[in-house]
Amino acid sequence: MDKKDVALLTGEGYWFVGPVMVSDGPHGLRKQEKDADFLGGLPSKPAVCYPTASALACSFDKELLYEVGEALGDECISEGISVLLGPGVNHKRSPRCGRNFEYFSEDPVLTGELAAAMVRGIQSRGVGACVKHFAANSREWGRMVADSVVDERALFEIYLRQFETVVKKARPAAMMTAYNKLGGVYCSENEWLMNGVAREKWGFDGVFLSDWGAVSDPVKSAVAGLDVEMPGPDRASTERLRRALEAGGEHGEKIKKRVENVKRFIKRAQKPEFGKLFDLGAHLELARRASAESAVLLKNSGSLPLGKDKKILLVGELAKSPRYQGSGSSRIDPVSLDSIYEELKKTYPDMLYAPGYSLDGKKDDKILRDEAVALSANADRVVVVAGLPDEYESEGYDRVDLSMPASHDALIEALADAGADVTVVLQCGAPVLTPWIERVSALLLTYLSGCRGGAACADLLTGRANPSGRLAETWPMRTEDDPSYDNFNVSMKRVEHPEGIFTGYRYYDAAGREVRFPFGYGLSYTRFSISDLKLEDGVPAVAKCRVTNTGNVPGSETVGVWVGLEKSRIMRPVRELRDFKKVSLAPGESAELEFSLPREAFAYYDVKTHGWQVEKGEYTVFLGMPGTGLEICGALELEGIEPEPEGYDVEERVRRREIESGGKVVITPDSPVEDIRTRFLGRLFLRIADGKMKKMSPIDADRTRTLVYGSPLRALTMAHPRFNRDTVDGIVTLLNGKRLRGLHRILKSLRKHK
Ligand code: BGC
C-alpha cells in the first residue's frame with residue numbers, strides 16, 4: 001500500500017471521497033458546484049424536491065419509496081454523483097426534535113422497511129445510498145457534544161433496529177456515523193457500534209463516512225472502524241493518520257484495512273453512465289403523486305371534497321408561499337414550485353383569497369385576520385393553510401413546544417367564531433397542537449410535501465385524489481405528554497432515555513394516555529371493511545385478511561399487522577407493528593392480504609443473553625390500523641423461554657428526571673462553545689460573537705446562538721480552509737491559560753498549512 005493512500009481517509013473537500021462525489025439528500029439532490037456548506041445556506045443546482053421523509057412515511061407504501069429512490073438514483077447518475085447522503089432513519093423520540101421532518105417515524109419497523117425500499121430504489125440505478133445518522137441521534141441541541149445514554153434493550157429494539165433492517169434488506173453502500181456519543185464514546189470512534197454491531201452482527205460491507213465535522217480524534221476513529229472523516233482534507237488529520245500507519249502494530253494494520261475498504265468503495269463508485277439525462281416531467285409527476293399519497297386526512301365532517309359549485313375562500317400566506325421542505329443540509333433549490341393558491345384557482349377561477357397572517361411579521365396580523373373574517377361571509381367553504389414557518393424547525397435546533405404561531409391559531413379561531421365552514425391544511429414537518437380541532441370541519445395534513453405539494457393538495461381538496469396517508473407518529477394532546485419530555489433537552493452534554501422502549505405509541509398505549517391522533521390514523525373519502533382473519537401456526541406464522549372498499553370512490557387502505565402478549569412476564573408494549581401493506585381498490589372491490597410472521601416478529605431483546613428471544617405464551621395478532629374502528633384480532637400460541645417476571649411502572653420510568661452533576665469545566669477540542677464562558681478570553685470572544693449574531697433578525701440570533709453554543713470547538717475546522725486540528729489545539733491551549741504557547745501553536749498551524 002502506498003503511504004499516500006492514507007489521505008483517502010479524510011474527504012477531498014466538502015463533497016469528495018478521493019475522486020468520488022457524494023451529495024445530500026435525502027428528498028432531492030443538493031449538488032453544490034461552487035461554494036460548499038453543510039447547513040444548506042448556499043445555492044445548489046436546481047433539482048426535483050420530493051416530499052420529506054416525515055411526509056413519505058405516511059404513505060406506508062414500500063413501492064412508492066422504491067420509485068422515489070429510483071428517481072433520485074437517476075438524478076444522481078445525470079449529475080455524476082456516486083453516493084446520495086440519505087435516507088435519514090433516526091428514531092423520532094420526541095416531536096420536538098428540530099430535524100424530525102428528515103426522519104420517517106416513531107416506529108422502527110415502519111422506518112426500516114420504508115428506508116430499505118428507498119435504498120433499494122436508489123441502488124438499483126448503480127448509485128450508492130448513505131444511511132444516516134448511526135446511531136441514537138434524536139435531538140439537535142448540542143448534537144456534536146451530547147452523549148446518548150440508552151439501555152441495551154431500547155437500543156436494539158428502537159434505535160438500531162431500522163439500521164439493521166436497511167443493512168440486511170438493502171445492503172447500503174455507506175452509513176454515516178452520527179455526531180453524538182453513544183454510551184460515552186463518539187459514534188465515529190465507536191468500535192462496538194461500527195465493527196461489533198454493524199459489520200459483525202449484521203454483515204454491513206460498505207464504508208462508514210463521518211457526519212460533517214463529527215470526528216474528534218482521526219486516529220481513534222480509523223482504528224475503531226471509521227473509513228472516511230468528512231469533510232476534508234484536514235492536513236493535521238492526515239499527518240496524524242500517516243504517523244500512526246508508519247508506527248505499524250495493531251493500529252497500523254487497522255488503518256490499512258480502512259484504506260483498502262475505501263479503495264474498494266472508490267472502484268465500485270465510478271459509473272460509465274454518468275451524465276445520462278432523466279425525464280424531468282416524469283419525475284415531477286412522481287413528486288406530485290408521492291405528495292398526494294402521503295397526505296393524511298385527520299378530520300372530515302363532510303366538507304371535503306370541496307364540491308364543484310361551492311364559493312371558496314382560501315386563507316393563509318402559506319397557500320401562496322408554501323413551506324414544502326425543511327431547513328439545513330437537506331435544503332435544495334427546486335426546479336419549480338407550485339402553490340395551493342395557483343392550483344386551486346384552476347378549479348375555482350372566482351376563488352377569493354386573503355393572506356390571514358404575515359409570515360415575515362411585517363404586516364399586522366390582526367388587520368389581516370379581520371380582513372379574512374370579513375371575506376368569509378361571502379364563501380361556502382373556507383380553506384385555511386397554516387403550519388410551521390421555516391424558522392420554527394430546522395436541523396441544528398429543537399422546538400421548545402409544539403405550538404403553531406399564535407397568529408395561525410387565532411386566525412382559525414376567528415373564522416370559526418364568525419361561523420365559517422373551515423377546512424385546515426397543515427404544512428409542518430412534525431406534530432403541532434390543534435386546540436381548535438373541535439371547531440373546524442376538516443383537517444388535511446400535508447407535512448412538507450415537496451415542490452409539487454400545491455398540485456397534490458388541490459387534487460386532494462377537490463377529490464381528484466383520495467387521501468390515503470396514515471400517521472407515522474403519534475400527535476399528542478399536549479407538549480408535556482411526550483414520554484421523553486422530562487429528559488429531552490435537560491442537559492446539553494447528556495441525553496438520558498429512562499423511558500427506554502416506551503417511546504411513541506408504545507408509551508401512549510401502555511400508559512393509557514389520551515392522544516390527539518394515534519400512530520396509524522388517517523381517513524379516506526371512501527369506506528373499507530376488514531374481514532376473514534385467518535391465522536396459521538408455523539415458522540413463519542401466517543396472517544391473512546380480506547379488505548373491501550365498501551364506499552363509492554376508488555381508494556387505498558393500509559393494513560398493519562401488530563403483535564402483543566398480554567400476559568407477558570417482562571416489560572412489553574401493549575402491541576407492536578410488525579409489517580404493513582397498502583392496497584388500492586375500486587368501489588366494491590376486495591383483496592386478500594397475507595402477512596408472513598417469522599419468529600423474530602414475536603421476539604424481544606434479552607439483555608441477559610444479549611440477543612433476541614421469544615417468550616412462551618398466547619400472542620394476540622391484530623390486523624388493521626388504530627383509531628379507525630377497523631381492527632380484527634386472533635390468538636397464536638408460541639413456544640419459547642419463560643423469563644423471570646419483571647415489575648415496572650411505565651409513568652414512573654418515563655418521568656424519571658436525570659440531571660448531570662456539575663464539576664470543574666476542562667476545555668478540550670470537544671468542549672461546546674458554551675463552556676468557554678468559564679474563561680476570560682472565552683467571554684471576550686463570545687461578547688464579540690454575540691454582537692454579530694444580534695445584527696441578524698432577533699429570531700435568527702437566538703437560534704443561531706443555540707446552534708453555535710452547542711457546537712464543539714473542533715467544528716472551527718469547518719469555518720475556514722486554513723483552520724485545522726492543530727489550530728483548534730492552539731485555541732484550547734490558549735483558553736486553558738497557556739497563552740504564549742497557544743498563540744504559537746495557532747500561528748504555526750496556519751503557516752504550515754498555507
Ligand atoms: C448533516 C448530514 C449531512 C451533512 C452534509 C450534516 O450537518 O448532519 O446529514 O449529510 O451535514 O451536508
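Let's start with the lining of the largest pocket: 48 residues form it, and Leu 39, Thr 704, Leu 707, Val 708 and Ser 711 lie nearest the centre. A word on terms: on a 1 Å grid over the protein atoms alone, a pocket is an open set of points where a 1.4 Å probe fits, with protein on both sides within 12 Å along at least five of seven lines, and lining residues have an atom within 4 Å of a point. Rolling a probe the size of a water molecule over the atoms shows where empty space is left.

Please keep in mind that this is a predicted model, where local features need pLDDT of at least 70 and side-chain atom pairs count only at pLDDT 80 or more, while totals for chains, interfaces and linings use all residues. Residues are numbered from 1 along each chain as its sequence is written, and side-chain values use heavy atoms, with hydrogens and water left out.

Back to our pocket. Its volume is about 1400 Å³, where volume means the space filled by probe spheres set on the grid points, which are joined across faces, edges and corners. Which helix gives the largest share of the lining? That is α17, with eight residues. Helices α17 (680–694), α18 (698–709) and α19 (725–735) each supply at least two lining residues. Helices here are DSSP runs of H or I with at least four residues, strands are runs of E with at least two, and both are numbered from the N terminus. By class, the lining has 26 nonpolar, twelve polar and ten charged residues. For these classes, Ala, Val, Leu, Ile, Met, Phe, Trp, Tyr, Cys and Pro are nonpolar, Asp, Glu, Lys and Arg are charged, and the others, Gly among them, are polar.

Now the second largest pocket, at about 570 Å³. It is lined by 17 residues, with Glu 113, Arg 161, Lys 169, Pro 598 and Glu 600 nearest its centre. The lining has ten charged, five nonpolar and two polar residues. Helix α5 gives the largest share, five residues. Why does this pocket lie between domain 1 and domain 3? Because domain 1 (3–268) and domain 3 (524–655) both give residues to its lining; the bounds come from an automatic or database domain assignment.

Next, the ligand. Of the 15 residues around it, Asp 24, Arg 99, His 133, Asp 211 and Glu 395 come nearest, where being around means having a heavy atom within 4 Å. That shell has seven charged, six nonpolar and two polar residues. Taken alone, the ligand exposes 310 Å², and the protein buries 100% of that, using Shrake-Rupley areas with a 1.4 Å probe.

Finally, some backbone details. Most residues other than glycine have a negative phi, and most peptide bonds are trans. The bond from Lys 132 to His 133 is cis, with omega near -5 degrees, and His 133 sits in strand β4 (residues 128–134). Another cis bond joins Val 539 and Pro 540, with omega about 0 degrees. Phe 60, in the loop between α1 (53–56) and α2 (62–79), has a positive phi near 50 degrees.
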